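Subject: Structure handover and findings

Hi,

Here is the structure for you to look over. My notes follow below it.

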Amino acid sequence: MKKILQDLNYNALEELTLSLGEKKFRAKQLYDGLMLGKKISEINVPSQLRERLLEEYEDEPVAILKTFRSSDGTEKYLFSLADGNVIEGVLMSYKYGNTQCVSTQVGCRMGCKFCASTLGGLVRNLTSGEILSQVLKVNALHGGSLNKRAVTNLVLMGSGEPLDNYTEVIIFLKNVTAEGGINISARNISLSTCGLVDKIYELADENLPVNLTISLHQTTDEGRARTMPIAKKYSISEILKACSYYFEKTGRRYIFEYSLIAGENCDKTHADELIRLLKGRPCHVNLIRLNEVEERTLKTVTEKQAYCFLGLLEKGGLSATLRRQIGADIGGACGQLRAGYLKGENL
Ligand code: SAH
């Protein structure tokens, strides 16, 4: 694979342009073109510069291979990478704007039992430019420009564990929030992790006030370890300590994702335990009914059971919401689209 121009921030792009004997303003033209989701070959700069760049850099590191539209307006994308790998993403429209869910790795090595992204293990990390390009492509697809973005919010909840690809994810966060670029506010970005505690501390010290989301899904370490292998390494109490540090450093309240799995994590004892763990903390709980994955045996709960669990949490004084099931008709669960593609399903 060649190098990826979208990995570079503005200053690095300017240095590269100057080193190729070009004027400074060409860097701005290149940067604006890239931010508009263009291929190098489509950017309006002298052809000799384009050709020089194309010797070393991928023309289009991330391309939208296929778009799936749900009846509820949600869109899912299958992206192809330059080395032939595929990743997926989602765009959800809300009243306040459009939230894109981006992937940070091809596959994942965390091994959560309910998740389709982890089925084939980790293939490789994405580079910062490959993560950024997912946003640039979808923004362009929806006619967004730099003055008027079509993508307003981001969640790092596609395939991969963002904190397991820490360096590239941090560069991505710096570049996607950079002034003059697509410039999405850090406050509109949520990073979701299964709980890599050491990295949560590092993230807190980065001075990037993104929203921290923790995939909790259980109330005890033993219970959590049944579906999430990472629970053997870090305890819930260590995670909660790291969350407090995150709040102290960033002033941002944190969010817990809690996927409801029948017979596993959503009876009254779990609600009571969750209330005991989280009450009084500056946090919010996002409930979601498990998206059943063909290869996994875990089952979801009924809508009624989900509302009942929500009611218990609210009664116990927690701030909680049940997320509506979106895009279920187009392969709603994490990694399902890619898994289907790899199996050769006719999508
Ligand atoms: N690795 C990160 C981000 C990716 S997953 C993390 O663990 O947070 C985004 C969210 O979807 C996580 O909360 C994850 O646990 C959850 N998830 C994965 N598969 C799911 C499924 N089949 N049904 C419901 N939630 C799922």
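Start with Asn-207, which counts as exposed at 71% relative accessibility. Keep in mind throughout that this is a predicted model.

**Two positive phi values**

Asn-207 sits in the loop between α6 (197-204) and β9. Its phi is near 60°, a positive value in a residue other than glycine. Most residues other than glycine have a negative phi. His-217 also has a positive phi, near 65°. His-217 belongs to the loop between β9 and α7 (221-227). His-217 is buried, with a relative accessible area of 5%, whereas Asn-207 is exposed.

**Strand β9**

Strand β9 covers residues 211-215. Five of its five residues are buried, so the strand is largely enclosed by the rest of the structure. In a regular strand, side chains alternate between the two faces of the sheet. Which residues of β9 are buried on each side? Asn-211, Thr-213 and Ser-215 are on one side, with Leu-212 and Ile-214 on the other. Both faces are therefore covered, and β9 counts as largely enclosed.

Strand β8 (residues 189-193) runs parallel to β9, and four bridges join the two. Within that pairing, Leu-191 stands opposite Leu-212 of β9.

**Strand β4 and its partners**

Strand β4 (residues 97-101) is mostly covered too: five of its five residues are buried. β4 pairs with strand β3 (residues 86-94) in the antiparallel sense, over five bridges. Ser-93 has Asn-98 in β4 as its bridge partner.

β4 also pairs with strand β7 (residues 153-156). That pairing is parallel and has three bridges. Here Gln-100 has Leu-154 in β7 as its bridge partner.

**Aromatic pairs**

How many aromatic pairs does a search of the whole structure find? It finds six. Two of them are described here.

One is Tyr-10 with Tyr-31, an edge-to-face pair. The centres are 5.0 Å apart, with 80° between the planes. This pair links distant parts of the chain, 21 residues apart. Tyr-10 is in helix α1 (residues 10-19) and Tyr-31 in helix α2 (residues 24-35). Tyr-10 is partly exposed, at 25% relative accessible area. Tyr-31 counts as buried, at 6%.

Another is Tyr-258 with Phe-309. Their planes meet at 15° and their ring centres are 5.6 Å apart, so this pair is stacked. Tyr-258 lies in strand β10 (residues 254-260) and Phe-309 in helix α10 (residues 303-315). The pair therefore ties together parts that are 51 residues apart in sequence. Tyr-258 is buried, with a relative accessible area of 1%. Phe-309 counts as buried as well, at 1% relative accessibility.

There is also a charge over a ring. Lys-199 lies over the face of Tyr-166, 5.1 Å from the ring centre.

**The cavity**

The structure holds one cavity of 30 Å³ or more. The largest cavity has about 60 Å³ of space. What lines the largest cavity?

- Lining residues include Gln-6, Leu-34, Gly-37, Lys-38 and Lys-39.
- Asp-59, Glu-60, Pro-61 and Val-62 are also in the lining.
- Ser-133, Leu-136 and Lys-137 belong to the lining too.

By class, the lining has four nonpolar, three polar and five charged residues. Helix α4 (residues 128-141) gives the most to this lining, with three residues.

**Two distances along the chain**

Lys-2 is in the segment before α1. Lys-2 counts as partly exposed, at 40% relative accessibility.

Phe-172 is in helix α5 (residues 166-176). Phe-172 counts as buried, at 1% relative accessibility. Phe-172 and Ala-339 are 167 residues apart in sequence, with 25 Å between their C-alpha atoms.

Best wishes

Technical notes: Residues numbered from 1 in each chain as written. Predicted model: local features only at pLDDT ≥ 70, side-chain atom pairs only at ≥ 80, totals over all residues. Heavy atoms only, no water. Phe/Tyr/Trp six-rings, centres within 6.5 Å; stacked < 30°, edge-to-face > 60°. Buried < 20%, exposed > 50% of the residue type's maximum accessible area, 1.4 Å probe, protein only. Lys NZ or Arg CZ within 6 Å of the ring centre and 35° of its normal. 1 Å grid on protein atoms, 1.4 Å probe; cavity = no way out; pocket = protein on both sides within 12 Å on 5 of 7 lines; lining within 4 Å. Points joined across faces, edges and corners; volume = space filled by probe spheres on them. Nonpolar A, V, L, I, M, F, W, Y, C, P; charged D, E, K, R; others polar. Pairing = 2+ DSSP bridges.
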